[in-house]
Amino acid sequence: MPNFLETVSAAGDVITQSFLEFQAGSPPSDIFQVPSEQPCLDLRPSNPSMMMNNNHRSLWDHDVALLLSAPPLHLSKSGFGHGRSDPQMTVPEEFDCRGEWPHCISPVMNQGKTCGSCWAISSVAALADRTCIHHNDSGLNVTLLSPQFLVSCFAQQGCEGGSIGPTWLELQSRGTATESCVPYTGVDDHQCPAECQDGTPIHLQRAEVVYTRWAGWDINVTVRMIQEDILLHGPVQAEMWLFYDFYLHTTGVYHADHSSPLIGGQSVRILGWGVEAATGEPYWYVANSWGQKWAQDGIGKIRRGTNECGIEDAVV
């Protein structure tokens, strides 16, 4: 059984303090590629106990500050950025973007064992999905976008993890290439390509508008607001705390075992929601980036309405 080093100093640096052993052992390598122990997201709280407080917003304030203080980029207050829901909208008990827009949802990717690139994979997938949905009348399939371009070209982030705030600023200011132009390798070589793999010019696709629950600091987003936004526009990106037992999630609705090691953070796409038939427990459909052998074809169910692992507290 492996030991996992997990401590965070008051300054946010990983330090040697204690070793935590998870009794269930490590996930079999033939089930899926376990991501690197390097956290995929830079979430570093000033106090690790904050993760237990579902109402504590400062876990994400670094990302939020970057999103809100970046002229000339524009943050829309549309969607849940308004801070209020639409009482006239009907929110169904179950909804799945894969069923509503089957040709517009990017497939699950595998970030690989040694590259903490979930921040790039989930952001470009959400951008690709929403772009396709916005142009849904054209009947075209989703154009897959390149997380590798971000990994290789975005100097502040790479395979050692990143933050979604700077990522969306990058997607607004510069954009990313298509997946066919710059395919995913899971290698942080710091070599930004000057042309596509076939020698043709790179055409970058940008995010025109980014909005978050913090388009105004006093906004208290609700589960319903997130649902309404998904109904209108498609998948959203979310951050969550990553506990070791999340690696082992297969079926049913996930809620973290806080006695298992806190590994870091993970960024995912929320594709929809539902209610577990056997238990009546509400959940989100979440697309991860650990390949199709994780959970159910790479899609897991995470408890909805309780801010499980902070997933409802950091949505873009």
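Start with the largest nonpolar core, which has 65 residues. Select W168, I230, F246, I270, W284 and I311, the residues with the most contacts inside it. A nonpolar core here is a set of buried Ala, Val, Leu, Ile, Met, Phe, Trp, Tyr and Cys residues joined through side-chain atoms within 4.5 Å. Buried means under 20% relative accessible area, exposed over 50%, and partly exposed in between, with a 1.4 Å probe and protein chains only. Now colour helix α3, residues 118-134: this helix gives the most to the core, with nine residues. Another core, of seven residues, lies apart from it; F149, A177, C196 and I202 are among them.

This is a predicted model: local features need pLDDT of at least 70 and side-chain atom pairs count only at pLDDT 80 or more, while totals for chains, interfaces and linings use all residues. Residues are numbered from 1 along each chain as its sequence is written, and side-chain values use heavy atoms, with hydrogens and water left out.

**The whole chain**

Zoom out. The protein chain has six helices and eight strands, in the order β-β-α-β-α-α-α-α-α-β-β-β-β-β. Helices (H or I, at least four residues) and strands (E, at least two) are DSSP runs, numbered from the N terminus. Of the 316 residues, 54% count as buried. Contact means heavy atoms within 4.5 Å. Among contacts between residues at least 6 apart in sequence, 74% join residues at least 24 apart.

**Strand β6**

Select residues 262-275. Strand β6 is largely enclosed by the rest of the structure, because 13 of its 14 residues are buried. Which strands pair with β6? Two strands pair if DSSP finds at least two bridges between them.

- β3 (residues 95-96) runs antiparallel to β6, with two bridges. Pick D96: it stands opposite G272.
- β4 (residues 236-243) is also antiparallel to β6, with eight bridges. Pick L242 and its bridge partner G264.
- β7 (residues 282-287) is antiparallel to β6 too, with six bridges. Pick I270 and its partner V286.

Next, follow the chain from β6 into β7. These two strands form a hairpin with six residues between them. Stop at G280 in the turn, where phi is positive, about 75°.

**I230**

Go to helix α6, residues 223-233, and select I230. Is I230 buried or exposed? Its relative accessibility is 0%, so I230 counts as buried. Show its neighbours. Leaving out residues up to four places away in sequence, I230 touches F95, C97, W101, R130, V236, I270, L271, W273 and W284. Now draw a distance from I230 to G272: their C-alpha atoms are separated by 7.2 Å, though the two residues are 42 apart along the chain.

**Rings and charges**

Show the aromatic side chains. Rings of Phe, Tyr and Trp (its six-membered ring) pair if their centres lie within 6.5 Å; planes under 30 degrees apart count as stacked, over 60 as edge-to-face and the rest as tilted. The count comes to eleven aromatic pairs. Select Y244, F246, Y247, Y254, W290 and W294, which ring pairs link into a cluster.

Finish with two arginines. A charge sits over a ring if NZ of Lys or CZ of Arg is within 6 Å of the ring centre and within 35 degrees of the ring normal. The charged end of R98 sits over the ring of Y285, 5.2 Å from its centre. R304 places its charged end over the ring of W284, 5.9 Å from the centre.
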